[in-house]
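Colleague: I have a model open and would like to learn how to read its features. Could we take them one at a time?

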Amino acid sequence: VEETDKITIETPDIAENGAVVPVEITANLPNVKSITIIAEKNPVPLIGQFHFADNAEGWVKTRIKMDKTSNVIAVVKADGKLYAARREVKVTIGGCGG
């Protein structure tokens with residue numbers, strides 16, 4: 001997996017409630033096939049994987065649950081390669097229960 005600045009992850013710097021953290025990912029790469037979202041310190045880190053049709057724009061906007069402060073990682077498959085970017089989100093109230 002190659003780190004790149006061609007993937008933008010937009011999140012709040014501080015999420016007051018980990019149960020609803022808005023995340024927007026834009027991949028400025030050619031031939032994006034999928035975007036995978038990972039919350040590094042969640043009990044189950046894999047948040048979701050989104051697959052795209054040919055010629056689709058590599059863009060996802062959703063809300064995720066986060067257990068505690070950690071990195072949100074976007075892994076993008078494009079042109080047969082894997083690219084990644086990460087952004088730390090501070091969580092004040094966890095949203096994964098327990």
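Modeller: Start with accessibility: buried means under 20% relative accessible area, exposed means over 50%, and partly exposed lies in between (1.4 Å probe, protein chains only). Glu40 is a case of the middle class, because its relative accessible area is 35%. This is a predicted model, in which local features need pLDDT of at least 70 and side-chain atom pairs count only at pLDDT 80 or more, whereas totals for chains, interfaces and linings use all residues. Residues are numbered from 1 along each chain as its sequence is written, and side-chain values use heavy atoms, with hydrogens and water left out.

Colleague: Which residues have the most contacts inside the largest nonpolar core?

Modeller: A nonpolar core is a set of buried Ala, Val, Leu, Ile, Met, Phe, Trp, Tyr and Cys residues joined through side-chain atoms within 4.5 Å. Here the largest one has 24 residues, and Ile7, Ile9, Ile25, Val32, Met66, Val72 and Val76 have the most contacts inside it. At least two residues of this core come from each of strand 2 (7-10), strand 4 (21-27), strand 5 (32-39), strand 7 (59-64), strand 8 (70-78) and strand 9 (81-91). Strands (E, at least two residues) are DSSP runs, numbered from the N terminus.

Colleague: What is Ile7 in contact with, leaving aside its neighbours within four places in sequence?

Modeller: Contact means heavy atoms within 4.5 Å. With those neighbours set aside, Ile7 is in contact with Ile25, Thr26, Ala27, Leu29, Ala74, Val76, Tyr83, Ala84 and Ala85.

Colleague: What is the order of the strands in the open sheet of three?

Modeller: Strands of a sheet pair through backbone hydrogen bonds, either parallel or antiparallel. Two strands count as paired if DSSP finds at least two bridges between them. The open sheet has the order 2-4-7, and its pairing is antiparallel. Strand 2 and strand 7 stand at the edges with a single partner strand each, so one side of each has no neighbour in the sheet. On average, neighbouring strands of this sheet are turned by 15 degrees against each other, direction ignored; the axes behind such an angle are lines fitted to C-alpha atoms. Strand 2 and strand 4 are joined by four bridges, and Glu10 has Glu24 in strand 4 as its bridge partner.

Colleague: How many bridges pair strand 8 with strand 9, and in which sense?

Modeller: Nine bridges, in the antiparallel sense. Ile73 has Arg86 in strand 9 as its bridge partner. The two strands form a hairpin with two residues between them, and Asp79 in the turn has a positive phi of about 55 degrees. Strand 9 also pairs in parallel with strand 1 (residues 2-3), over two bridges, and Glu3 has Ala84 as its partner there. Strand 3 pairs with strand 9 in the parallel sense over two bridges, where Ala15 stands opposite Val91.

Colleague: Is Val89 buried or exposed?

Modeller: Val89, in strand 9, counts as buried because its relative accessibility is 0%. Beyond its sequence neighbours within four places, the contacts of Val89 include Thr11, Asp13 and Met66.

Colleague: Where does Thr11 lie?

Modeller: Thr11 is in the loop between strand 2 and strand 3 (14-15), and at 11% relative accessibility it counts as buried. Its side chain makes a polar contact with the side chain of Arg87 at 2.7 Å. A polar contact is a pair of N or O atoms within 3.5 Å; within protein, one must be able to donate a hydrogen and the other to accept it, and residues adjacent in sequence count only if both atoms are side-chain atoms.

Colleague: How many salt bridges does a search of the whole structure find?

Modeller: Side chains of opposite charge can pair when their charged atoms come close. The criterion is a side-chain nitrogen of Lys or Arg within 4 Å of a carboxyl oxygen of Asp or Glu. The search finds five. One of them joins Arg87 and Asp13 (2.6 Å, N to O); Arg87 is in strand 9 and Asp13 in the loop between strand 2 and strand 3, 74 residues apart. Arg87 is partly exposed at 26%, whereas Asp13 counts as exposed at 53%.

Colleague: What does Glu40 form a salt bridge with?

Modeller: Its partner is Arg86, the closest N and O atoms being 3.6 Å apart. Glu40 lies in the loop between strand 5 and strand 6 (46-51) and Arg86 in strand 9, so the pair ties together parts 46 residues apart in sequence. Arg86 counts as partly exposed at 42% relative accessibility. Glu88 and Lys90 also meet in a salt bridge (3.4 Å, N to O). Salt bridges that share partners join Glu3, Glu40 and Arg86 into one network.

Methods: Axes are lines fitted to C-alpha atoms, for helices over the stretch in contact, and angles run from 0 to 180 degrees between N-to-C directions.
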